[in-house]
Amino acid sequence: MTPFEEDLKKALAKCEPPDGFTERLAERIASLPARKASPMYWRWAAVAAAAAILFGGVAREHQHHLEGEAAKEKLLVAMRITSSKLQQAQQQIEEVERKQ
Amino acid sequence: MHKAMVYSIGWHFLHDRHAAEEMAQEVFLQLHTSWAGIQSREHLLFWLRRTATHRAIDAGRKRRTKAEITLEEADEPTMLERVHDTLLSSYLNRMVGTLPDKQRSAIILRYQEEMEVEEIARTLDMNASTVKTHIARGLEFLRGKVSRRLGRSE
């Protein structure tokens, strides 16, 4: 930056607004009519709703998947138990027959 | 602080405290109603600079043409503003107020806000080379004025 540009920078230094600026602004904001939701708000609301729906769907899907997995696991365990019981029963029968 | 930044853009553009305050208040009122669209701290700064500059240009156009504003008519700086004020600063400040809108905007954003040319270009919807031209022409005009007025050469 040249000396002239430095001078210009000094000349254009920021200055504070007059006293009471913030209070006057606050009064004007307070006197504004109740805000209507802006189009941007509705856009975001739509995105949020879509996300909620999508997430809800995904979550439900996931829940169904987990429930299905658990049910499958239970069934397999039950079948294993049944199979082992059947096997035991079969062995007992064979043992009894052998003794006879 | 953002309020000093917005007010200063108005003050350096319009050289009228009441008009600068009114413009700054309008910018913050607009921010209040547009708050939902502000995405980040950087976006807020960009938005404020851009809105303040455009509003200052509009306010300047509604006022009398710059040719009609004499140095005597321009507002005197306040006591606070006088602290760092020198003859040269005061004169330069007023001369910036006589530049064409686009040159004035570019000069204020470059030397008040210390923005890079590319940032100014985005703020003013111009390409970078146009901004450079506006700054160069503005500087040339100001240098000429200062040289003639104060007998100073660069």
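Reader: Where is Asp125(B)?
Author: Asp125(B) is in the loop between helix 7 (117-124) and helix 8 of chain B. Bear in mind that this is a predicted model.

Reader: And what is the phi of Asp125(B)?
Author: Phi of Asp125(B) is positive, about 55°, although the residue is not a glycine. Most residues other than glycine have a negative phi.

Reader: Is Asp125(B) buried or exposed?
Author: Exposed: Asp125(B) has 9 other C-beta atoms within 10 Å, and 12 or fewer counts as exposed.

Reader: Which loop holds His15(B)?
Author: The loop between helix 1 and helix 2 of chain B. His15(B) also has a positive phi, near 55°. His15(B) is buried, though, because 23 other C-beta atoms lie within 10 Å and the cut-off for buried is 20 or more.

Reader: OK, at what angle do helix 1 of chain B and helix 2 of chain B pack?
Author: At about 140°, with their axes 8 Å apart. The two helices are therefore oblique to each other, since roughly antiparallel would need an angle over 145 degrees. Helix 1 of chain B passes helix 2 of chain B in a right-handed crossing.

Reader: Which residues in helix 1 of chain B meet helix 2 of chain B?
Author: Lys3(B), Val6(B), Tyr7(B), Gly10(B), Trp11(B) and Leu14(B). Among the residues they meet in helix 2 of chain B are Arg17(B), Glu21(B), Met23(B) and Val27(B). By class, that contact has nine nonpolar, one polar and three charged residues.

Reader: Switching topic: how many residues of chain B are in contact with chain A?
Author: 31 residues of chain B, in contact with 25 residues of chain A. Helix 2 of chain B gives the most to chain B's side, with eight residues. That side has 15 nonpolar, 10 polar and six charged residues.

Reader: Where in chain A is confidence lowest?
Author: In helix 3 (residues 39-99) of chain A, at a mean pLDDT of 57, while helix 1 (residues 3-11) of chain A is highest at 93. Chain A as a whole averages 68, with 33% of the residues scoring at least 70.

Notes:
Residues are numbered from 1 along each chain as its sequence is written. Chains are lettered from A and ligands numbered from 1 in the order in which they are written. This is a predicted model: local features need pLDDT of at least 70, side-chain atom pairs count only at pLDDT 80 or more; totals for chains, interfaces and linings use all residues. pLDDT is the predictor's confidence in each residue, from 0 to 100. Helices (H or I, at least four residues) and strands (E, at least two) are DSSP runs, numbered from the N terminus. Two residues are in contact if their C-beta atoms, placed from the backbone, lie within 7 Å. Ala, Val, Leu, Ile, Met, Phe, Trp, Tyr, Cys and Pro count as nonpolar, Asp, Glu, Lys and Arg as charged, and the others, Gly among them, as polar. Axes are lines fitted to C-alpha atoms, for helices over the stretch in contact, and angles run from 0 to 180 degrees between N-to-C directions. Angles under 35 degrees count as roughly parallel, over 145 as roughly antiparallel, 65 to 115 as roughly perpendicular and the rest as oblique. A crossing is left-handed if the near helix is turned anticlockwise from the far one by less than a right angle, and right-handed if clockwise.
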